[in-house]
Amino acid sequence: MSGEIVRDIFLAASGLLNDKVGGPGVYPPSPKFLYEPPASYGPKTWNLEQGNDRYRRALYTFRFRSVPYPALLNFDAPRGDTACVRRSRSNTPLQALTTLNEDLFMDCSRALGLIAVQTRDLSVEDRIRSMFRRCVTREATPAEVARLATFLNEQEEQFSSRTDEELRQFAYIDPSKPPELPAGIAMMRLAAFVATARVILNLDEVIVKE
Amino acid sequence: MSKNLTDQCVSSEIQRQASRRWFLQQCGVGLGAIALRDLMASENAMAADSTRDPLAARPSHFPARAKNVIFLFMAGAPSHLELFDYKPQLAKFDGTLPPAELLKGYRAAFINPNSTLLGPKFRFARHGQCGAELSELLPHLSTVVDDIAIVKSMVTDGFNHAPAQIQMSTGSLQFGKPSLGSWTLYGLGNESKNLPGFVVFSTGKKGPSGGSANWGSGFLPTVYEGVEFRTTGDPVLFLSNPRGVSDSLQRQSLDVINELNRAHLDAVGDPEIATRINSFEMAYRMQSSAPEVMDLSREPKHVLEMYGVEPGKPSFAATCLLARRLVQKGVRFVEIFHEAWDQHGAWFAI
C-alpha cells in the first residue's frame, strides 16, 4: 500500500479517522527540527493540530516541497520536487520504526486498545478477534488468537509492576486527559490491550495487499 | 555450399539468441528476474529455516582488496577545469569567442553561444611520481596524489542536475535502475547485523535534486535500498521507543509480530514478508546500535583533529568520520550525498 493508505488504514482501524472531506491541509505531528535550519532552508511554520484534524486522511497532510512529511516519505510518498510517474515500493527498517514508534501511529494503538476494552461482556479472546478483524479484515485463526492472548496476559502481568503514571504515559493519547474506563477495567488491562493492538497493527497483512 | 548455408543459419541463430539473451539480462528484465528467482528459491529453504537472510555477506566473484565503499557524492562540485583537468588550449583562448567551426550545429538549453571562453583561473602543477596535474586549490590532495585515482574519461549526456545525478548513481538517466550501493549490497551482502548494509547521509543545505532514486534499489528487491541516516536530531527518525514503551515490551512485541508474520509467510510464500520480518529485526537492532555508532565523542582526540571535527557540531567532515565509523562496524556501502557544492559563477568569491 502507498504511504497515505498505510496511514489511513491505521486511523480507520483504530476508529480515530476524521472523515471530513475537503478544506485546507492539516498539520499532524511531525519532528519539530525538520522545520528549522539547518534541516530546513529557513524557519517554517508547522501549527500542530490540537483537535482531531490531526486524524484527517493522510491526503490532507500539509507538505512543503523541501520538507516532505517524514512518516509518508518512509513509505515512498514522492517528494514535491520532481514529477512522479510511478511510485516505487520499498520495505525497509525505517518503515518498521515508523509504524512501531511514530507518534500518530502509536496513538492508533492507544485508541484501538481503548475500543477493545469498552465493549461489555466479551471474553479476552473475543476482544482480540474484534481488534484483529478491524485491522486485518479477516477472522483471526485460533492459533493467532491463542498467541495474541498469551502475549496479552504476559503483558498484563508485567504492567502490574509499573506505576499508574507510567501506565498513563503508555496507554493514553493525552495522559493529562484520561478517558473514562468501563467499570472493572484496570489500567494494566487497558495497557495490555494497547500493547496487543500495537502488535496487530504492525502485522505485514495490515499494510500489504497480497 | 548448402552446408555452408546451414552453418550460416545456425551461426546467425546463435547470434540472435545471444543478443536476445543480452537484451533480457542487460535491459532490466533478466537481473530483476534472477534476483526474484534467488529469493523464491530460498523461500523453500525458508520454510525449513525461516531465518535465511537476503543480506547475508557473500564472497566476491573476484579477489578484491576493498571490502567497503565510502562514496562521496558532491553534487555540483567545483569545476574539474579548476581542479584536476588542465586545458592548455582553453588557457590560450581565454576571453575570446569560441571558433565558429566549434559552434556549428551546436544547440544548448542554457548556454548563450556568444559567451566568451573562460580559461583556468588557478595555477596548475605536476605532483607526485605519477605527475598528475592539480591546481593550486588542492594543496593537500597534491601531497597524496600517488594514492588516488583520477578518472578523466567520464562523459555524460545528462547535463541537468536531477537526471545527471541519477545517471551517475544508476547508470541511467531515468529512474528505475538500481543504484551503485544497491548493486554492491546485492552482490556482496552486509557484514553488520545491527546496521543497514547501505547507509546514506544527505548533507548540505537540501537533499539531492534527483531525489532518493539516487540510492534506490530500482528493480532489485527493496532490501537493497539505501537507508537514510540524519546528522541532526535522532540519527534515524522514530528511532526511540514511544513514551511508556520499555525495551522488554518492544522486544516481546516484535517476537509476536515476527512469529505471526512467519506463519503467514509459510501460508502464502510471498518473499516480501521475509523482507518485512527482516526489517523489523533490523529496526530493533538499529535502535541500540545507531545512537552508539553516531556518537563521535567516543573517537580519540587525534582522529577528531585529523578530520577537523568538533563533536556535536554537524559538518561535512563529521559526516565523513561517521562514514568511517560505519564501515568499521561492517556496513558495506556508505554514501554521503552533499548537495551544496554547486558553483556556477561563484568561483571568484574564493
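In helix 7 of chain A, Leu167(A), Arg168(A), Phe170(A) and Ala171(A) meet Met187(A), Met188(A), Leu190(A), Ala191(A), Val194(A) and Ala195(A) of helix 8 of chain A. Contact means heavy atoms within 4.5 Å, and helices (H or I, at least four residues) and strands (E, at least two) are DSSP runs numbered from the N terminus. By class, this contact has nine nonpolar, no polar and one charged residues; Ala, Val, Leu, Ile, Met, Phe, Trp, Tyr, Cys and Pro count as nonpolar, Asp, Glu, Lys and Arg as charged, and the others, Gly among them, as polar.

The model is predicted: local features need pLDDT of at least 70, side-chain atom pairs count only at pLDDT 80 or more, and totals for chains, interfaces and linings use all residues. Residues are numbered from 1 along each chain as its sequence is written, chains are lettered from A and ligands numbered from 1 in the order in which they are written, and side-chain values use heavy atoms, with hydrogens and water left out.

Two packed helices are described by the angle between their axes and the distance between the axes. Helix 7 (residues 164-171) and helix 8 of chain A pack at an angle of about 35°, with axes 10 Å apart. Axes are lines fitted to C-alpha atoms, for helices over the stretch in contact, and angles run from 0 to 180 degrees between N-to-C directions.

**Nonpolar cores**

A nonpolar core is a set of buried Ala, Val, Leu, Ile, Met, Phe, Trp, Tyr and Cys residues joined through side-chain atoms within 4.5 Å. Buried means under 20% relative accessible area, exposed over 50%, and partly exposed in between (1.4 Å probe, protein chains only). The largest core has 116 residues, of which Phe170(A), Phe201(B), Phe229(B) and Leu326(B) touch the most other members. Helix 8 (residues 187-201) of chain A supplies the largest share of this core, eleven residues. Another core, of five residues, lies apart from it and includes Leu83(B), Leu134(B), Leu138(B) and Val145(B). Beyond its neighbours within four places in sequence, Phe229(B) has contacts that include Leu195(B), Phe201(B), Met286(B) and Leu326(B).

**Chain B**

Chain B contains ten helices and six strands, and 40% of its 350 residues count as buried. Helix 7 (residues 247-268) of chain B has 22 residues and reaches 31 Å from its first C-alpha to its last, close to the 32 Å expected at 1.5 Å a residue; the expected span is 1.5 Å times one less than the number of residues. The buried residues of helix 5 (residues 161-170) of chain B, among them Ile166(B) and Thr170(B), pack against strand 1 (69-74), helix 6 (180-188) and strand 6 (333-338) of chain B.

| Residue | Position | Phi |
|---|---|---|
| Gly269(B) | just after helix 7 of chain B | positive, about 70° |
| Gly171(B) | just after helix 5 of chain B | positive, about 85° |

**Two individual residues**

Arg134(A) is found in helix 5 (residues 124-136) of chain A. Arg134(A) counts as partly exposed because its relative accessibility is 36%.

His140(B) is placed in the loop between strand 3 (132-135) and helix 5 of chain B. With a relative accessible area of 66%, His140(B) is exposed. His140(B) and Gly105(B) are 35 residues apart in sequence and 42 Å apart in space, C-alpha to C-alpha.
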